[in-house]
Amino acid sequence: MAAPRASEAAAFEYLERTLWPDGPICPHCGTVGRATKLEFSEPKKGKRGARLGLWKCNERECRKQFTVKVGTVFEHGRIPLHKMLQAVFLLCCSKKGCSSHQLHRILQITYKSAWFLSHRIREAMPDGTLAPMGGAGRIVEMDETAQGRIEGAPKQAHRGMGMGPHSVYVGPTRRIGA
Ligand SMILES: [Zn+2]
């Protein structure tokens with residue numbers, strides 16, 4: 001399994017590629033492509049570390065920091081971005097939809113967090129604030145892997161593996177064409 005920080009970094013990069021095809025957009029002054037990505041660093045000795053996905057605007061009048069989450073449905077979430085992205089995929093891509101209870105189990109977040117997250121995402125969907133995956137008019141290839149009990153297999157055989165009966169990971173694999 002990938003380290004959590006690696007999945008989180010990948011989630012930020014994915015969202016940046018999707019929402020900023022022409023380079024980072026500063027939400028404070030609107031400048032496109034004139035910001036520097038700050039290296040992630042742990043906070044130490046009274047110095048604030050740089051959060052993952054943090055950018056700094058290079059405009060002389062601005063110089064403010066931001067992440068790609070600003071202004072999106074993900075902005076105020078305390079759940080890791082990669083889990084919120086998975087929630088979007090689960091809510092938008094599964095034919096039968098996905099209940100808060102399923103989100104809670106699959107993403108291993110509290111039921112309360114799952115409930116708020118699914119409401120926030122659903123609210124954002126009708127008015128288009130949730131950008132189309134991969135950018136407008138793009139096609140994103142999806143993949144999913146299921147772990148857990150095979151239909152008909154005895155439940156005991158899978159005990160203690162730390163998996164729910166239907167752990168599913170859904171995510172984009174690559175962008176395929178315009
Ligand atoms: Zn700026």
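Colleague: What do the buried residues of α4 pack against?

Modeller: In this predicted model, they pack against α2 and α3. The residues in question are A114, L117, S118 and I121.

Colleague: What makes you call those four buried?

Modeller: A residue counts as buried if 20 or more other C-beta atoms lie within 10 Å of its own. A114, L117, S118 and I121 are the residues of α4 in that class.

Colleague: And how do you know that they line one face of the helix?

Modeller: Look down the axis of α4: the buried residues fall within an arc of 95 degrees, so one face holds them. The face turned away from that side carries K112, H119 and E123, which are exposed.

Colleague: Why does the span of α4 agree with what a helix should give?

Modeller: The expected span is 1.5 Å times one less than the number of residues. With 14 residues, α4 should span 20 Å, and its end C-alpha atoms are 20 Å apart, so the two agree.

Colleague: Which residues have the most contacts inside the largest nonpolar core?

Modeller: L81, A87 and L103, in a core of 20 residues. Helices α1, α2, α3 and α4 each give two or more residues to this core, and α2 gives the most, with six.

Colleague: What does L103 touch, leaving out residues up to four places away in sequence?

Modeller: A87, L90, C98, A114, L117 and S118. Contact here means C-beta atoms within 7 Å.

Conventions: Residues are numbered from 1 along each chain as its sequence is written. This is a predicted model: local features need pLDDT of at least 70, side-chain atom pairs count only at pLDDT 80 or more; totals for chains, interfaces and linings use all residues. A nonpolar core is a set of buried Ala, Val, Leu, Ile, Met, Phe, Trp, Tyr and Cys residues joined through C-beta atoms within 7 Å. A residue is buried if 20 or more other C-beta atoms lie within 10 Å of its own, exposed if 12 or fewer, and partly exposed in between; C-beta atoms are placed from the backbone. Two residues are in contact if their C-beta atoms, placed from the backbone, lie within 7 Å. The arc is that of the directions from the helix axis to the C-beta atoms.
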